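Visitor: I would like to go through the terms used for this model, and hear what each one rests on.

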Amino acid sequence: MSARMDKIASGFQGEVCMRILIDRQEQQCALVMRTDQTNKKLAVFVHGFGGTHLTTWGDLASCLEQIADDEAPFGDWDYLFFGYDTPSAPSLMSITRRLETWIQDAAEGDGIFPHAYERFALFGHSLGTLAIRQLLCSTIGHPIRFNESLQAVVLFASPVDGSWLAKWASWSGFLDMISKPHLLLSGANKVAAALEPGGPLIDMLRTWYATIRSYVNYPQVLIVQGSDDAVLGYGTGEKWEDDRRKEVSGGHIAMTKVKTTDWHQSVMRDRIKAALL
């Protein structure tokens, strides 16, 4: 029995919200949406290197479908879990372009979306945070007045200075391609270059972002870093232009793994709630 049905069976007296989870495995995306009202706000989650659209976030999709609506502001938002296949991605920009397409569809009520959304919040993890940064810079692909409709940007375990594991990621991708030879033809795992510490892609993106911030009024980015993040290195790097930073306990992967049983004590819940208010 789901957590929501447990509440109903035990005599829960609040309004029961109705949601469905539409999981498009072939498109590597899932939408958690209200069916009893038309929400105009959409929160978008972008996973990191080697993750998937749902598993990166643990039980988050289930919590948002079954539990979270019992408190504000969760009931006023729908949720998109955006995914991509890391070994097949030829570049970071290819991930960003795909993300742009889904956000454009959401703003127009096209594709998987039954209606148009007017307000957005972006949440990313690891490599996904760089795709979001690039999305903010690449204004040519934005819906009309996207900067005005963007409420929050929260980036978990963001490799602001890259990661020492980038070279290992490239070797991992090479080994993966041995078992999947067709990936050799797509320039697979070049995306790992975006994570090289001090590399040209990180430097370019940081400069590009600082430039765009000078004339586009985006909400201040919140960086949530784990105190035990061995992937990025303890202490991590300097803040980017106008970022805020909050340190929480946890490692690179564990910090985003929400558990249904711990939802109300979850760091992820707290950060999502604060961003959506």
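Guide: Contact means heavy atoms within 4.5 Å. Helices (H or I, at least four residues) and strands (E, at least two) are DSSP runs, numbered from the N terminus. The model is predicted, so local features need pLDDT of at least 70 and side-chain atom pairs count only at pLDDT 80 or more, while totals for chains, interfaces and linings use all residues. Residues are numbered from 1 along each chain as its sequence is written, and side-chain values use heavy atoms, with hydrogens and water left out.

Visitor: What covers the buried residues of α4?

Guide: The cover includes β3, α3 (92-108), β5, β6, α7 (200-213) and β7. Helix α4 (residues 127-137) lies across β3 (41-46), β5 (119-125), β6 (150-156) and β7. Its direction is about 140 degrees to β5, where axes are lines fitted to C-alpha atoms, for helices over the stretch in contact, and angles run from 0 to 180 degrees between N-to-C directions.

Visitor: What makes α4 mostly covered?

Guide: Of its 11 residues, 11 are buried. Buried means under 20% relative accessible area, exposed over 50%, and partly exposed in between (1.4 Å probe, protein chains only). Cys137, one of the buried residues of α4, has a relative accessible area of 3%, so it is buried.

Visitor: Why is His47 called buried?

Guide: Its relative accessibility is 0%, and therefore His47 counts as buried. His47 is in the loop between β3 and α2 (60-66). Leaving aside neighbours within four places in sequence, its contacts include Trp57, Phe82, Tyr84, His125 and Leu127. The C-alpha atoms of His47 and Ser126 are 7.1 Å apart, with the two residues 79 residues apart along the chain.

Visitor: How many disulfides does the rule give?

Guide: A disulfide is a pair of cysteine sulfur atoms within 2.5 Å, and by this rule the count is zero.

Visitor: How do you know that β1 and β8 stand at the edges?

Guide: Two strands pair if DSSP finds at least two bridges between them. Eight strands form an open sheet with mixed pairing, in the order β1-β2-β4-β3-β5-β6-β7-β8. β1 (19-24) and β8 (244-248) each have a single partner strand, so one side of each has no neighbour in the sheet. From one strand to the next, the twist averages 15 degrees.

Visitor: In which sense do β7 and β8 pair?

Guide: Strand β7 (residues 222-226) pairs with β8 in the parallel sense, over five bridges. The bridge partner of Val224 is Lys246 in β8.
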